[in-house]
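This report concerns aromatic ring pairs, the strand arrangement and a surface patch.

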Amino acid sequence: MSTSNNFTCRVQRIWSLGVLCLVTSIIAHSGVAVAQDKAAPKSDVIMFTNGDQLTGTIERGVGDSIVFKSDTAGEITVPLSKIKELRSHGNFVVIQKNEKSTKVTRHPGALTYQDSTVTIESPSGTPETIPTKNLAYIIDQTTYDKEVAHNPGFLHGWNGSISGGATLIRSTQTGTSFNAGIALIRAIPTVTYLPPKTRTTFNLLESYGKLTQPVIPQTTPPTPPSEAKTSIFHTDAEHDIYFNPRFYALGELSFDHNFAQGLNLQQIYGGGFGWTPLKTPVQQLDLKADVHYEMQTFIQPNPITVDNPRVPDQNLIGSTFGEAYHRNLPGKVVFTESASILPAFNNPDAYSAIAAAGLALPTYKRISLGLNATDNYLNMPAAGYKKNSFQFITSIVYTLK
């Protein structure tokens with residue numbers, strides 16, 4: 001009897017242990033399945049009017065179309081007229097046609113579309129409904145928080161390029177020349193489908209060269225070697241505030257030094273307006289006009305004599321009338337061109353002009369070959385200097401983004 005009881009107890013213990021292991025395994029696997037289900041992102045669903053269905057992610061909406069990204073079809077633009085029903089699992093904000101995106105305060109919510117109406121769920125419980133004809137933009141929550149609801153910090157959104165090149169000569173002649181350039185732009189918002197709010201640009205260009213030539217044959221007493229120097233420096237900055245996608249106010253400043261024209265320093269401080277008559281994903285044209293203060297100081301003769309008098313400084317009130325053009329060519333080649341004329345109201349002879357054109361030819365990833373030509377014209381240079389200063393520069397260009 002004792003042996004039978006011991007055997008029964010052992011069987012019960014083994015059975016209990018087995019049940020416990022089974023229950024533990026089921027709980028563990030259920031926990032993993034729940035965790036995996038929570039981790040798996042839910043897909044948005046489009047049901048087309050022809051009965052087809054597509055799953056993926058809503059990226060944005062502009063006007064009466066949405067941009068939808070799926071694993072099978074990639075990124076596609078779909079007119080809402082082709083959609084019977086749309087359901088999203090992300091949070092979105094809708095901007096209507098009669099609203100400015102910078103003046104809108106919204107609480108993002110889940111988006112649905114049906115019967116030519118977009119509905120945004122609201123935390124208050126009352127959904128927002130917008131007819132298709134009133135849609136301007138559909139913006140995801142991340143983009144809305146970063147680009148619309150908050151003002152990005154000054155370091156956010158910069159794009160542009162850095163370029164440079166150099167030449168060294170070490171022989172009977174000794175020569176060094178280099179060029180460096182920086183071109184930066186910060187457009188807010190950074191996403192191109194939203195209307196622009198502000199744009200800031202910064203440009204810098206420096207070309208420097210020095211060639212030393214000894215006297216051959218040398219004289220007695222020795223004659224010092226001759227030197228030829230080139231130094232051309234330009235920098236400018238501009239800040240634009242947009243009234244609408246095509247029209248903006250601008251403030252600007254620029255500094256120029258050009259040894260080839262005897263120009264020690266030209267300073268310009270001004271403000272005006274700009275207009276963008278042409279803007280597509282391929283090309284953009286801007287026209288600008290301003291009123292500015294301009295000061296010119298010149299390299300003085302040494303020594304100053306009756307025959308070589310001091311060159312007077314120029315304090316001018318004038319305007320800039322200019323244009324800037326940008327085009328993306330086939331093969332990811334980028335063409336840029338700009339031209340400006342600067343008349344002076346208080347001294348009509350003291351006008352100047354500048355024109356530039358360039359190509360960026362992609363070579364490897366973010367590295368390009370730059371070919372640039374610039375022509376500076378100064379109608380009243382220092383005595384003995386030419387009015388024109390032309391440069392053709394080749395350089396290696398690194399694109400920041």
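In this predicted model, the count of aromatic pairs comes to eight. One of them joins Phe178 and Tyr208, a tilted pair with 5.9 Å from centre to centre and 35° between the planes. Because Phe178 belongs to strand β11 (residues 174-188) and Tyr208 to strand β12 (residues 198-213), this pair ties together parts that are 30 residues apart in sequence.

The rings of Phe247 and Phe273 form a stacked pair, because their planes lie at 5°, which is under 30 degrees; their centres are 5.7 Å apart. This pair links distant parts of the chain, with Phe247 in strand β14 (residues 247-258) and Phe273 in strand β15 (residues 263-279), 26 residues apart. Ring pairs also bring Phe243 into a cluster with Phe247 and Phe273.

The table lists the accessibility of the paired residues.

| Residue | Relative accessible area | Class |
|---|---|---|
| Phe178 | 36% | partly exposed |
| Tyr208 | 27% | partly exposed |
| Phe247 | 32% | partly exposed |
| Phe273 | 47% | partly exposed |

The strands named above belong to a barrel that twelve strands close, in the order β10-β11-β12-β13-β14-β15-β16-β17-β18-β19-β20-β21, with antiparallel pairing. Neighbouring strands of this sheet are turned by 20° against each other on average, direction ignored. Strand β10 (residues 158-170) is joined to β21 by four bridges, and the two run antiparallel. Gly164 has Ile396 in β21 as its bridge partner.

Ile396 is also part of a nonpolar surface patch, together with Ile162, Ile182, Tyr364, Ile367, Leu369 and Tyr398; the accessible area of the patch is about 600 Å². Strands β20 (367-378) and β21 (388-399) each supply at least two of the patch residues. Leu369, in strand β20, is partly exposed at a relative accessible area of 31%.

Definitions and conventions: Residues are numbered from 1 along each chain as its sequence is written. This is a predicted model: local features need pLDDT of at least 70, side-chain atom pairs count only at pLDDT 80 or more; totals for chains, interfaces and linings use all residues. Side-chain values use heavy atoms; hydrogens and water are left out. Patches are made of residues with over 30% relative accessible area and no salt bridge: like charges are joined within 9 Å, nonpolar side chains (Val, Leu, Ile, Met, Phe, Trp, Tyr) within 5 Å. Accessible areas come from the Shrake-Rupley method with a 1.4 Å probe; for residues, only the protein chains shown count as cover. A salt bridge is a side-chain nitrogen of Lys or Arg within 4 Å of a carboxyl oxygen of Asp or Glu. Buried means under 20% relative accessible area, exposed over 50%, partly exposed in between (1.4 Å probe, protein chains only). Two strands pair if DSSP finds at least two bridges between them. Axes are lines fitted to C-alpha atoms, for helices over the stretch in contact, and angles run from 0 to 180 degrees between N-to-C directions. Rings of Phe, Tyr and Trp (its six-membered ring) pair if their centres lie within 6.5 Å; planes under 30 degrees apart count as stacked, over 60 as edge-to-face and the rest as tilted.
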